[in-house]
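Let's walk through this one together, starting with the overall fold and then moving in to single residues. Keep the viewer open as you read.

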Amino acid sequence: MISRRKVVSAVPLALAAPALMRRAMAQGAKPLTIAFPADVSSWDAMNSGTSVTQSLYKCVFDTMLDVTPEARLEPGLGSFEWTDNNNQVLELTLRDNLTFHNGDPLTSDDVHFTIFTRLKADNGLAVAGNFGRIVEAVETPARNKVIFKFASKYVTAPQRLASVGYVMPRRYYESVGAEAYLKKPVGAGPYKLVDYQRDSRILLEAFDGHWRGAPKIRQVTIQIIKDPTTRIAAIQSGQVDLAHNLPVRDVVRLGALPHLTGNLHPISNVVMIHMVNKGIFRDQNLRLAFHHAIDKAALSRAFFSGKAEPLSMWAGTGAAANDPAFKFAYDPELAKSLLAKSGYSTTNPAKITFTTFNGVFPNDFDIARTMVQMWKRVGIDANLETMEFTKYGELSRTDKLEAPILYNWFNPTDDPESYSGSIMDPKKRFSVWKSDDISPRLDPLLEETNYDKRVAGYRTFDRWCVEQGYAFPILQGVATVVYAKRVGYTPYRTGLLAPYAWSLNA
């Protein structure tokens, strides 16, 4: 872990990466430095299942479709259309003259390799849970045409192509091999990766051949600083130009300084608890008491200045799948009553383990610690443990999480299928709670082509999950960013950090 002292006394960036930075200064370009809370697990774009690091992948790789800052679907590397009436045949038309960072052309063959060849060969890849199990065939009738044929209806395939549909270069990957590729990855995103030090630094340089045109910011250095206190020190001292995922109180305090701007805006992420279907947590009384004992409004006031909406369902006010009539009550007396049915009380508490990250998203550890105190008042004695973000990804993919964990769920398109359709689906690797009664209710929604029926069905399903104690939505996510006045920051509803969409003022 990087200490505060090391960041504050760090060598200037121009010395840390001399060749690139001197070239930038000679060209008159101003580099941008970002303090970021987590590193990628690897540079395999098909293994990019974690939420926080999507911002890093989106810099180096590009997706077949994309979303706007307002979370609306739009063309990316290509555009799409359904060519059947059953949402099983999707045609993608690629843009002309697409290239990867090494100059290789990006064609339909690369899409076939990425989405079909690799996923069929390795079902352990994170994206295999989205495409690998449902893609029946991928046809490439022309260099710019890709036809996806799904084994069943896949109404949200375009949303998936926008969120995890990164394209990797087949020729380069096969020529150097997997191990060499991960050491020196090549993508088609707005930035080229020119230097990488694990858990320390990511150095990016603008890709002039990107289909959107070269980013306005030519050089970006991402410092991996896992400790939020250290990120705060880095932005306050001027060592970095932007710091991501800071506590709200520090965003407000730092934003009042003359050289900094603090930005708080609601996003489609959800602060939630992944509940596990193991051991003591199979007790529904315990699960419901666990939830009824959480004062979400108090958490919002304490940690987000009241800006994070308390949630009873995954989607917040105004979202399509939200049911404003449903409220899951904060009721500590009911929590005590439920625990009593299972033989627990404040004098004979249920002893559990609860896990959290520390600094991956704003106030994560402090929120978890406060909830532990709330549970203690009703008869739940929770032992709080911290977990590294990369470790969580490993355990969740292999169904080895043994305790509930506080999480910040990333919804890249704001669609209900990316909430409970992924969180609760026992067939997907993103799911933590797994029980046999979910699929009969969820599977029809995954294939419903009528939008209104699909959304109404998700409202019913989401409420049922909460009432069973399978799901614990806590608060709507809030982006917490502090940046130097010279940074022209563009907020994304999905919470994405996208330096290629920003500018630097004089």
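How many helices and strands does the secondary structure of the protein chain come to? The count is 18 helices and 18 strands. Please keep in mind that this is a predicted model.

Let's begin with the overall dimensions. Along the principal axes, the C-alpha atoms of the protein chain fill a box of roughly 70 × 60 × 40 Å. A compact globule of 506 residues would have a radius of gyration near 23 Å, and the protein chain agrees with that, because its own value is 23 Å. Of the 506 residues, 58% count as buried. Among the contacts with a separation of 6 or more, 69% are made by residues 24 or more positions apart.

Now the surface and the charges. The protein chain has an accessible surface of about 19600 Å², and 49% of this belongs to carbon and sulfur atoms. There are 59 positive and 51 negative side chains, with the centres of the two sets lying 5 Å apart.

How far can you trust the coordinates? The average pLDDT of the protein chain is 89, and 92% of the residues score at least 70. Residues 1–18, however, have a pLDDT below 50, although this stretch has 25 contacts in the model beyond near neighbours in sequence. For residues 24–28 the pLDDT also stays under 50, and here the model has 3 contacts beyond four places in sequence. Where pLDDT is low, the predicted coordinates should not be read in detail.

Helix 12 covers residues 296–304, and its buried residues are Lys296, Ala298, Leu299, Ser300, Phe303 and Phe304. Their cover includes helix 10 (248–255), helix 11 (284–292), helix 14 (364–376) and strand 16 (471–484). Just after helix 12 comes Ser305, with a positive phi of about 50°.

Helix 15 runs over residues 389–397, and in it Phe389, Tyr392, Gly393, Leu395 and Ser396 are buried. Here the cover includes two strands, strand 12 (260–274) and strand 15 (405–409).

Next, let's zoom in on Arg231, which is found in helix 9 (residues 228–237). Is Arg231 buried or exposed? Arg231 counts as buried because its relative accessible area is 0%, under the 20% cut-off. Not counting residues up to four places away in sequence, Arg231 touches Ala35, Phe36, Pro37, Ile225, Lys226, Ala243, His244, Asn245, Leu246 and Gly359. For a sense of scale, Thr114 is 117 residues from Arg231 along the chain, and their C-alpha atoms are separated by 35 Å.

Our last stop is Pro169, in the loop between helix 6 (157–163) and helix 7 (170–176). Pro169 counts as buried because its relative accessibility is 1%. Leaving aside neighbours within four places in sequence, Pro169 is in contact with Phe100, Asp110, Phe113, Tyr181 and Val186. Pro169 also gives us a way back to helix 12: Ala298 is one of the buried residues there, and Pro169 and Ala298 are 129 residues apart in sequence and 49 Å apart in space, C-alpha to C-alpha.

Definitions and conventions. Residues numbered from 1 in each chain as written. Predicted model: local features only at pLDDT ≥ 70, side-chain atom pairs only at ≥ 80, totals over all residues. Heavy atoms only, no water. Helix = DSSP H or I, 4+ residues; strand = E, 2+ residues; numbered from the N terminus. Rg over C-alpha atoms; globule rule 2.2 N^0.38 Å. Buried < 20%, exposed > 50% of the residue type's maximum accessible area, 1.4 Å probe, protein only. Contact = heavy atoms within 4.5 Å. Areas by Shrake-Rupley, 256 points an atom, 1.4 Å probe, with all protein chains shown as cover. Lys, Arg positive; Asp, Glu negative; His and termini not counted. Charge placed at Lys NZ, Arg CZ, Asp CG, Glu CD. pLDDT = per-residue confidence, 0-100.
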